[in-house]
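Please read the following points with the sequence and the model side by side.

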Amino acid sequence: MLRRHALWTRHLLTLTCALGALAWAGCGDDDDGGDGDDTTVETDTGADTTPSVPTTWDEAVASGQQGAYMSGVVVPAMKDKFQEFDSAGFETFNCSTCHGSGASVGSFSMPNAELPPLGPADFAGTDAVHVFMQTEVVPTMAGLLGMDTFDPSTGEGFGCLGCHTSE
Ligand code: HEC
Ligand code: HEC
């Protein structure tokens with residue numbers, strides 16, 4: 001069941017990327033070129049071929065459309081946050097900003113070991129990036145996933161280790 005789910009997700013992502021709808025969001029490498037699908041002649045307005053974007057993460061998971069939700073909802077919202085924090089550093093913001101190199105081969109499992117691993121000093125960090133992560137990234141991402149933010153007293157919720165590994 002799970003395996004079938006993952007396979008379908010991957011399928012959908014490939015399809016969505018091939019449609020070019022996500023070109024801006026970076027489906028893998030910039031140079032992957034479009035796979036020769038360009039010869040397909042589309043004569044309609046495209047209105048009924050636009051993939052529908054799930055409105056919640058739960059809905060995305062239930063329908064196997066995690067990638068569509070990420071590109072349609074998560075990326076735009078998080079891109080705004082990261083660019084507000086550091087417009088030059090996050091001028092390029094796409095799937096691989098969070099998912100690392102896995103994004104270009106359709107591997108989106110989290111946490112992403114390519115992000116800096118975090119230790120106790122990070123969880124208590126008070127410099128700009130730590131404050132940004134704590135007050136903007138975690139709450140926004142948790143909200144987008146329909147989760148509560150991490151509560152150390154219960155160990156439940158979405159926190160730093162939803163994206164980073166621990167050192
Ligand atoms: C701001 C960070 C961020 C960005 C940018 C991002 N994601 Fe995600 N993504 C996550 C997190 C966090 C999860 C794990 C959600 C969970 O806890 O189930 C996730 C999960 C996923 C999953 C489900 C993986 C699984 O194993 O169930 C897919 C598929 C996915 N993302 C695809 C994408 C695609 C495609 C893009 C770009 C269009 C993208 N993501 C951009 C943070 C991000
Ligand atoms: C939604 C995913 C996500 C969550 C949740 C998250 N981070 Fe991050 N974090 C990132 C991304 C993306 C980067 C940028 C990596 C890069 O520079 O490309 C980053 C970078 C960092 C850095 C490195 C800054 C630098 O350039 O040296 C630190 C430190 C950090 N995060 C701490 C935290 C802490 C502490 C938490 C929890 C309060 C947290 N992060 C939660 C995605 C996340």
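What percentage of the 167 residues in the protein chain do buried residues make up?

1. Buried residues make up 16% of the 167 residues, where a residue is buried if 20 or more other C-beta atoms lie within 10 Å of its own, exposed if 12 or fewer, and partly exposed in between, with C-beta atoms placed from the backbone. This is a predicted model, in which local features need pLDDT of at least 70 and side-chain atom pairs count only at pLDDT 80 or more, while totals for chains, interfaces and linings use all residues. Residues are numbered from 1 along each chain as its sequence is written, and chains are lettered from A and ligands numbered from 1 in the order in which they are written.

2. The protein chain has six helices and zero strands, helices (H or I, at least four residues) and strands (E, at least two) being DSSP runs numbered from the N terminus. Of the contacts in the protein chain with a separation of 6 or more, 53% are between residues 24 or more positions apart; two residues are in contact if their C-beta atoms, placed from the backbone, lie within 7 Å.

3. Helix H3 (66-85) bends by about 40° at Val74, and Pro76 follows within four residues; the bend is the angle between axes fitted to the seven residues ending at a residue and the seven starting there. Val74 is also one of the buried residues of H3, which include Tyr69, Met70, Ser71 and Met78.

4. The axes of H3 and helix H6 (residues 128-144) come within 10 Å and cross at roughly 170°, where axes are lines fitted to C-alpha atoms, for helices over the stretch in contact, and angles run from 0 to 180 degrees between N-to-C directions. H3 and H6 are therefore roughly antiparallel to each other, a term for angles over 145 degrees. On the H3 side the contact is made by Val73, Val74, Ala77, Met78, Lys81 and Phe85, and on the H6 side by Phe132, Glu136, Val137, Thr140, Met141 and Leu144. These residues divide into nine nonpolar, one polar and two charged, with Ala, Val, Leu, Ile, Met, Phe, Trp, Tyr, Cys and Pro counted as nonpolar, Asp, Glu, Lys and Arg as charged, and the others, Gly among them, as polar.

5. Around ligand 1 there are 23 residues, of which Met70, Ser71, Cys95, Cys98 and Phe108 come nearest; a residue is near a molecule if its C-beta atom, placed from the backbone, lies within 6 Å of it. H3 provides the largest share of this shell, seven residues, and by class the shell has 14 nonpolar, nine polar and no charged residues.

6. Around ligand 2 there are 20 residues, with Met133, Gln134, Met141, Cys160 and Cys163 coming nearest. H4, H5 and H6 are the elements that give two or more residues to this shell, and H6 gives the most, with seven. The classes here are twelve nonpolar, seven polar and one charged.

7. The loop between H4 and H5 holds Pro111, and the peptide bond from Met110 to Pro111 is cis, with omega near 0°. Leu115 also has its place in the loop between H4 and helix H5 (120-123). Why does Leu115 count as partly exposed? It does so because it has 16 C-beta neighbours inside 10 Å. Leaving aside its neighbours within four places in sequence, Leu115 is in contact with Cys163 and His164.

Methods. Angles under 35 degrees count as roughly parallel, over 145 as roughly antiparallel, 65 to 115 as roughly perpendicular and the rest as oblique.
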